[in-house]
Amino acid sequence: MMGRPLARETVAALDEVIEDLVAANRILAAQGVVDGFGHVSARHPENPQHYLLSRARPPECIEAADIMEFTLAGEAIDARGRRPYNERFIHGALYEARPDLHAVVHSHSPSVIPFGIVGETLRPVLHMAATIGARVPIWEPRDRFGDTDMLVSDMAQGRDLARAVGTGKSALMRGHGSVVAGRSVREAVYVAVYLEVNAHLQLDALRFGKPVNFLSPGEIDKILARQAKGRPAEGFDRAWEGWCNRASVPFKRRG
Ligand code: MN
């Protein structure tokens, strides 16, 4: 897959990332975050200027041989006839803007859509959703690009979306879906699943017509501090093991 021979440790790290990426695709499909569309990528563990993303294929069908390598600008390194996703620029633009991020999920998960089209702010209402960020920004492509086909089909649009994410971990894309990111594939999947869960719960709560008691900034900070100290089998890893089981993919313990 690579243009030059790689050290054995690099191959091992790369194999693990590809394994998690295949599992992530199948988990996100099993959890209803992606359907035939949507995708998840990882930054290349050896070359931070490249990222890994499947060829254009429904996430629940993806196998290791589908994973392609791209430059941040979205050029395939060794396509071998595999057709990439049109919206791969979402991933490269975010990796370019944010060296701290190592995985990105783009989905059309349905419960977030009402927030984008009404301009209602999505905020954590559930302790498990503190990772989505205190307020999820909404990206409006029309501001800079006028009427488009709504796809992020070049780096200019990808960079504009990355600007909306800013220093956070997520953004809604008006009339389209969302993008979320994490420091690992497992974290990004966790954020993507709980973004959808939180949106569903916030919508339910709004139906009472009463003020919603959101998590406070202090509560969010304390939850994130606890998660940062998490050991294997806690937090992201515990969720991941359950989701692997649900998606019928093997669970691999890391660390
Ligand atoms: Mn899309």
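Biologist: Is Cys244 buried or exposed?

Modeller: This is a predicted model, where local features need pLDDT of at least 70, side-chain atom pairs count only at pLDDT 80 or more, and totals for chains, interfaces and linings use all residues. Residues are numbered from 1 along each chain as its sequence is written, and side-chain values use heavy atoms, with hydrogens and water left out. Buried means under 20% relative accessible area, exposed over 50%, and partly exposed in between (1.4 Å probe, protein chains only). Since Cys244 has 0% relative accessibility, Cys244 counts as buried.

Biologist: How many disulfides are there?

Modeller: A disulfide is a pair of cysteine sulfur atoms within 2.5 Å. By that rule, the count is zero. For Cys61, the nearest cysteine sulfur is that of Cys244, 17 Å away. So the number of disulfides is zero.

Biologist: Why is strand β1 largely enclosed by the rest of the structure?

Modeller: Strands (E, at least two residues) are DSSP runs, numbered from the N terminus. In a regular strand the side chains alternate between the two faces of the sheet. In β1, His39, Ser41 and Arg43 on one side and Val40 and Ala42 on the other are all buried. Strand β1 (residues 39–43) is largely enclosed because its buried residues number five of the five.

Biologist: Which residue in β4 stands opposite His39?

Modeller: Two strands pair if DSSP finds at least two bridges between them. Four bridges link β1 and strand β4 (residues 103–107) in the antiparallel sense. Within β4, the residue opposite His39 is His106.
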